[in-house]
Amino acid sequence: MSALVHLAANTLSNSKAVALYVQYASTLVGRDKACRFGQYLARLLVYMLSRRLATRGKTPGAGIAWVAALSKTQAVLSTTRKVMRSGKFVDFARQFARILTGAAALQQREDEVVRTLGAVHKAGMCVFMLADTLGLAHSVLGLVRLRDAPRVARLGQRAWLAALAAQAAAALYQLHNLRLRQADLDRVRRHITKTAAGAGSSDLPASVGARECAAEERAVAAQRAAAGRTLLLSALDLTIPIKGLALVGVNEGLVALAGTVTSLMGIQDSLAKASAAVQ
């Protein structure tokens, strides 16, 4: 028995999977993305089951019970996420202040367009999280009493919409700049190739230039992939506040599917960071 206990303890203490789980679960973002995935998956299943029951023209008891259980799961996970991220608006306010003071620009060397769009994103997320926290304190905790809680919720949704739009615009701008940068690299590579052909294969400067050009092209490709992923995430998430504000008649199933996909992408990003921290 003691040998089994020792083996189990050894496995737990040395297991990379356990270490990865602990690192992932210790982050607020990781827990939030996991709960968000469950929330939007439940929303998607509610939509699919409701459609199935509607097409059959009858309401079996088991089907109604499943819809009720999934709807409750969705509501519980939504509230759980609001509790976990309550006060998060302070972090976004701090990031917004850092952008305004120029501290972030000095560290990351961002241009004015990216900096401005980043400020809009942080300000929008700050207002969204503040409205979210006030709604939680009003409807669930009963700590504050809002005169017009739906209006505060709509303000939060508008702020979230503006934040996502700014993030998508920044990604598009970065992709445009990266295309121009890649075009410059293509011209440099053609010049290097032409120079090397004229000077011979043993030309050292041409060889060094080719290696530097290849390294720069790899960096551009990585940045393009990151910007493209951000654009995809923002575009999919935009369907959620658009649906919430009833700006466009977006299908409920599409919104639920978009939330599920972006949650999975967020989990993937969090797992990658946790895996890097465990190494």
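Reply: Buried means under 20% relative accessible area, and exposed means over 50%. The model is a predicted one.

Me: Why is Arg81 called buried?
Reply: Its relative accessibility is 7%, and the cut-off for buried is under 20%, so Arg81 counts as buried. Arg81 lies in helix α4, residues 61-84. Leaving out residues up to four places away in sequence, Arg81 touches Asp32, Cys35, Arg36, Gln39 and Tyr40.

Me: What makes Cys126 buried?
Reply: Cys126 has 15% relative accessibility. Buried requires a value under 20%, so Cys126 counts as buried.

Me: How do you know that Cys213 is buried?
Reply: The relative accessible area of Cys213 is 3%. The limit is again under 20%, so Cys213 is buried.

Me: How many disulfides does the structure hold?
Reply: A disulfide needs two cysteine sulfur atoms within 2.5 Å. The structure holds 0 disulfides.

Me: What makes a set of residues a nonpolar core?
Reply: Its members are buried residues of the listed kinds, such as Ile, Met, Phe and Trp, joined through side-chain atoms within 4.5 Å. The largest such core here has 16 residues, and those with the most contacts inside it are Phe92, Met125, Phe128, Met129, Trp160 and Ile240. Helices α7 (112-139), α8 (149-199) and α9 (204-244) each supply at least two residues of this core. The most comes from α8, with 5 residues.

Me: Which residues does Ile240 touch?
Reply: Not counting residues up to four places away in sequence, Ile240 touches Arg36, Tyr40, Gln157, Trp160, Val255 and Gly259.

Definitions and conventions
Residues are numbered from 1 along each chain as its sequence is written. This is a predicted model: local features need pLDDT of at least 70, side-chain atom pairs count only at pLDDT 80 or more; totals for chains, interfaces and linings use all residues. Side-chain values use heavy atoms; hydrogens and water are left out. Buried means under 20% relative accessible area, exposed over 50%, partly exposed in between (1.4 Å probe, protein chains only). Helices (H or I, at least four residues) and strands (E, at least two) are DSSP runs, numbered from the N terminus. Contact means heavy atoms within 4.5 Å.
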